[in-house]
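Open the model in your viewer and keep the sequence panel beside it. The tour below goes from one selection to the next and says what is found at each stop.

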Amino acid sequence: MSRKGSCLCKAVSFEITTKVEKTGACHCEMCRTWTGGVYLGIEVPTDGLVINGEENVKTYASSPWAERSFCGTCGSNLWYRVTAEGPYQGTYHLGMGTLEDTSGIVLTEEIYIDSKPDGYSFAQDTKKMTKAEVEAMFASL
């Protein structure tokens, strides 16, 4: 089942052509600043995303291992993409809020759990990873 999504003004739209069943929450300072809260990301392989309106996508190199993209027209956050060499290179992490239909998607993990604000928590039990554990996955740091 493919899933479709877009930015707020629809200048950028996309279709995820791979199966999506889970989302993860990121509590890092950068994601909190970028989204104004917790970031719920959908992991999509490089070849699993068809983008329409690419001319409207603006990109910011936000760290040594990733870049963040947004709509140049309405400013909506779209995704971050891993740029570091290795098995995750090119992987997209799309904001769950950009999807038209989120049915059947389950929250399965939380990363940067040691940076999570005290003011919220999720009801279900998830796999949790600290900053050190996440950054160890990206050997180029």
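## First stop: Leu-107

Select Leu-107 and show what surrounds it: not counting residues up to four places away in sequence, Leu-107 touches Thr-23, Gly-24, Ala-25, Leu-40, Phe-122, Gln-124 and Thr-126. Contact here means heavy atoms within 4.5 Å. Leu-107 is found in strand 10. Strands (E, at least two residues) and helices (H or I, at least four residues) are DSSP runs, numbered from the N terminus. Leu-107 counts as buried, because its relative accessibility is 9%. Buried means under 20% relative accessible area, exposed over 50%, and partly exposed in between, with a 1.4 Å probe and protein chains only.

Two notes on the model apply throughout. This is a predicted model, in which local features need pLDDT of at least 70 and side-chain atom pairs count only at pLDDT 80 or more, while totals for chains, interfaces and linings use all residues. Residues are numbered from 1 along each chain as its sequence is written, and side-chain values use heavy atoms, with hydrogens and water left out.

His-93 is found in strand 9. Is His-93 buried or exposed? His-93 is buried, since its relative accessible area is 14%. Leaving out residues up to four places away in sequence, His-93 touches Tyr-39, Ile-42, Glu-43, Leu-78, Trp-79, Tyr-80 and Val-82.

## Ile-42 and the cores

Move to Ile-42, one of the residues that His-93 touches. Setting aside neighbours within four places in sequence, Ile-42 is in contact with Ile-16, Val-20, Lys-22, Thr-23, Tyr-92, His-93, Leu-94, Met-96, Leu-99 and Ile-105.

Next, select Val-12, Ile-16, Ile-42, Leu-49, Trp-79 and Leu-94 together. These are the residues with the most contacts inside the largest nonpolar core, which has 18 residues. Two or more residues of this core come from each of strand 2 (13–16), strand 4 (39–44), strand 5 (49–52), strand 8 (77–82) and strand 9 (92–95). A second, separate core has 14 residues, including Cys-28, Cys-31, Val-82 and Val-134. A nonpolar core is a set of buried Ala, Val, Leu, Ile, Met, Phe, Trp, Tyr and Cys residues joined through side-chain atoms within 4.5 Å. In soluble globular proteins, nonpolar side chains tend to be buried together.

Show the cartoon and look for an open sheet of three strands, in the order 1-2-5, with antiparallel pairing. Strand 1 (3–6) and strand 5 are its edge strands, and each pairs on one side only. From one strand to the next, the twist averages 20°; axes are lines fitted to C-alpha atoms, for helices over the stretch in contact, and angles run from 0 to 180 degrees between N-to-C directions.

Strand 1 and strand 2 pair in the antiparallel sense over four bridges. Two strands pair if DSSP finds at least two bridges between them. Select Ser-6 to find Ser-13 of strand 2 opposite.

Now select Lys-10, in the loop between strand 1 and strand 2. Lys-10 is not a glycine, yet its phi is positive, near 75°. Lys-10 counts as exposed because its relative accessibility is 58%.

Which element does a hairpin join to strand 6? The hairpin runs from strand 6 to strand 7 through two residues. Strand 6 (residues 57–63) and strand 7 (residues 66–71) pair in the antiparallel sense over six bridges. Ser-63 has Ala-66 in strand 7 as its bridge partner.

Go on to Tyr-112, in the loop between strand 10 (106–111) and strand 11 (127–129). Tyr-112 has a positive phi of about 55°, although it is not a glycine. Tyr-112 counts as buried because its relative accessibility is 6%. Most residues other than glycine have a negative phi.

## Zoom out

Finish with the chain as a whole, which has two helices and 11 strands. From the N terminus on, the elements run β-β-β-α-β-β-β-β-β-β-β-β-α. The C-alpha atoms fill a box of roughly 35 × 35 × 25 Å, taken along the principal axes. Buried residues make up 41% of the 141 residues.
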